[in-house]
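Hi everyone, thanks for coming.

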Amino acid sequence: MGGWDLTTTLPSGNPDHYFQCFQELVERHRLPQHIHTKDTITGQCMLTLVTTFFGYFLIGTVTISQIPQILKILRRRNASGVSFVSIILMLQASSSKVAYCVQQNFTFSAWGENLVLMVEMVVLVLLLLSYNDRPISAVCFMLFYTLIMLTLIIPLVPTKCITYLNICSIPVLSISRIIQIYTNHKNHDTGQLSGTSSFLCVFQSFGRISTSILLTRDWILILTFVQLLISNLILTLQVIYYRRKNRKLK
């Protein structure tokens, strides 16, 4: 039974890979003749398992990352300060990433939080439309968006189109964050923007850079999370700065 070379990509989510990993751990500790490779195999398997579990942990944290933002809007019955264009662009980026990762058959632990984020962005779009007295627009948006996602996931469009959409998500995410950063700067306030959500996004972006390098080594995913980390860090610093400034003025 051969072990994995440390220079190869970690398992991509196939359950057989994880079963093989556990077998390697057991066999190497059982058989004395393999003692010289035991540490290498154990280290590789442990890295695989820890990285995978960390990926699922990030999926768990992202389920609450936008909840503070959603609850804050619901509690205040006001969505001021939250850029509608920024949310729409973030929805496009997360949606294209979900379609791309499904098409590439990546392990769910490497991208699953994008599915949750996609749902949360849909909720935010509906809230923004509702609190701006556009209920009919909210219904039309939901129908149109559902149709588009079904078209991408089935998929009814060529694979290259989905890949290009995902590549476009890199500048789209950057633009969405820049729009929100500019909105904050123009208003000299972050409005209903949640500091908790911003901080959780920084943590998730940092973790995703690590898991993308180890689990997929896909440069599109890695670049996406690097620019997300930078922009989310700026947004978090803005929330801290403007809240302290406004507190002092009061």
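The lining of the second largest cavity has eight nonpolar, six polar and one charged residues. For those classes, Ala, Val, Leu, Ile, Met, Phe, Trp, Tyr, Cys and Pro count as nonpolar, Asp, Glu, Lys and Arg as charged, and the others, Gly among them, as polar. The volume of this second cavity is about 130 Å³. It is lined by 15 residues, and Q66, Q69, R177, L193 and S198 are the closest to its centre. At least two lining residues each come from α4, α5, α7 (159–187) and α8, with α8 giving the most, three residues. Helices here are DSSP runs (H or I, at least four residues), strands are too (E, at least two), and both are numbered from the N terminus.

A word on where this comes from. This is a predicted model, in which local features need pLDDT of at least 70 and side-chain atom pairs count only at pLDDT 80 or more, while totals for chains, interfaces and linings use all residues. Residues are numbered from 1 along each chain as its sequence is written, and side-chain values use heavy atoms, with hydrogens and water left out.

Now, what do I call a cavity? On a 1 Å grid over the protein atoms alone, it is a set of points where a 1.4 Å probe fits but cannot get out; a pocket is an open set with protein on both sides within 12 Å along at least five of seven lines, and lining residues have an atom within 4 Å of a point. Grid points are joined across faces, edges and corners, and a volume is the space filled by probe spheres set on the points.

By that rule there are two cavities of 30 Å³ or more. The largest cavity has a volume of about 210 Å³. Of its 17 lining residues, N114, L117, S205, F225 and L228 lie nearest the centre. Two or more residues each come from α4, α5 (112–130), α8 (195–215) and α9 (219–249). By class, that lining divides into eight nonpolar, six polar and three charged.

And which residues line the largest pocket? They are I88, L91, Q92, S95, S96, F141, F144, Y145, I148, M149, L152 and L165. Here α4 (84–104) and α6 (135–153) are the elements giving two or more residues, and α6 gives the most, with six. Nine of the lining residues are nonpolar, three are polar and none is charged. This pocket holds about 210 Å³ of space.
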